[in-house]
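Reader: Please take me through the sheet and the helices of this model. I want to hear what stands behind each term.

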Amino acid sequence: MSFGNPHRHQRRCDSTNDLARELAAAGAPSGTVVTADEQAAGRGRQGRSWTAPPGKALLYSAILRPLTKRHLVLPLAAPLAVADAAEAEAAVRCSIKWPNDVWIEGRKCAGVLIEARPRDGWAVIGVGLNVSIEPDAFPAELRETATSLGQGATVDGALRALNESLERWVGADPQEVLAAFGERDALRGRRISWEGGEGTAEGIDARGNLLVATESGETVSLGAGEVHLGPASGP
């Protein structure tokens, strides 16, 4: 499996994921990549918008087909690929906030949005990676929580690195994916809350679900949804 051939680039589009979905539905081959300098209606998880100044972020969507049992951990493999690409392009160390936000020193530098059509046998892997956005160019509400690669990183370099790392992780053994995700897990040992409860994150299970220990002694397995971070537990 390789990514980036064919590669369709747009100066501006509504959403690279939307365009990639249209191409996938029309039969575009696995490995097709769509990028854009700017998006008018970029999307993140939970229906949020994703915005970035033109040419300052890698706005990327890739088509994967066919889907197999190996791809059950795709939601974990994709952010691992983004983390590897970021570290290849800049002297940074990335962690991952389950399920798919990539952090640098506790600030979000990238997000992943996977839109799968299992009955049709394909998925679109959407990535937004902040590459060279200056701190004061982020919206005011994100300046304390968002960051960029910086250090002279370029969008073209990040694109090449992501194509290579995605090839590796999409084809990786699920156990390797789970182990690597555990090493980058930003939530383990942290107090978290979600709609309906709170507790201490204890890593992920074999299906990629987040395990949380509650104060009642129960272990809860979260398969989806939004979690909010609290302070670190322990001394």
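Reader: What makes the sheet open, and what is the strand order?

Author: The order is β1-β2-β3-β7-β6-β5-β4, 7 strands with mixed pairing. β1 (7-13) and β4 (94-97) stand at the edges with a single partner strand each, so one side of each has no neighbour in the sheet. Strands are DSSP runs (E, at least two residues), as helices are (H or I, at least four), numbered from the N terminus. From one strand to the next, the twist averages 20 degrees. This is a predicted model: local features need pLDDT of at least 70, side-chain atom pairs count only at pLDDT 80 or more, and totals for chains, interfaces and linings use all residues. Residues are numbered from 1 along each chain as its sequence is written, and side-chain values use heavy atoms, without hydrogens and water.

Reader: How do you know that β2 and β3 pair?

Author: Pairing takes at least two DSSP bridges between two strands. Strand β2 (residues 33-39) and strand β3 (residues 57-64) have 4 bridges, in the antiparallel sense. V34 has S61 in β3 as its bridge partner.

Reader: Why are α2 and α4 called oblique?

Author: Helix α2 (residues 74-89) and helix α4 (residues 174-184) have axes that cross at roughly 55 degrees and come within 10 Å. Axes are lines fitted to C-alpha atoms, for helices over the stretch in contact; angles run from 0 to 180 degrees between N-to-C directions. Under 35 degrees is roughly parallel, over 145 roughly antiparallel, 65 to 115 roughly perpendicular, and the rest oblique. Therefore α2 and α4 are oblique to each other.
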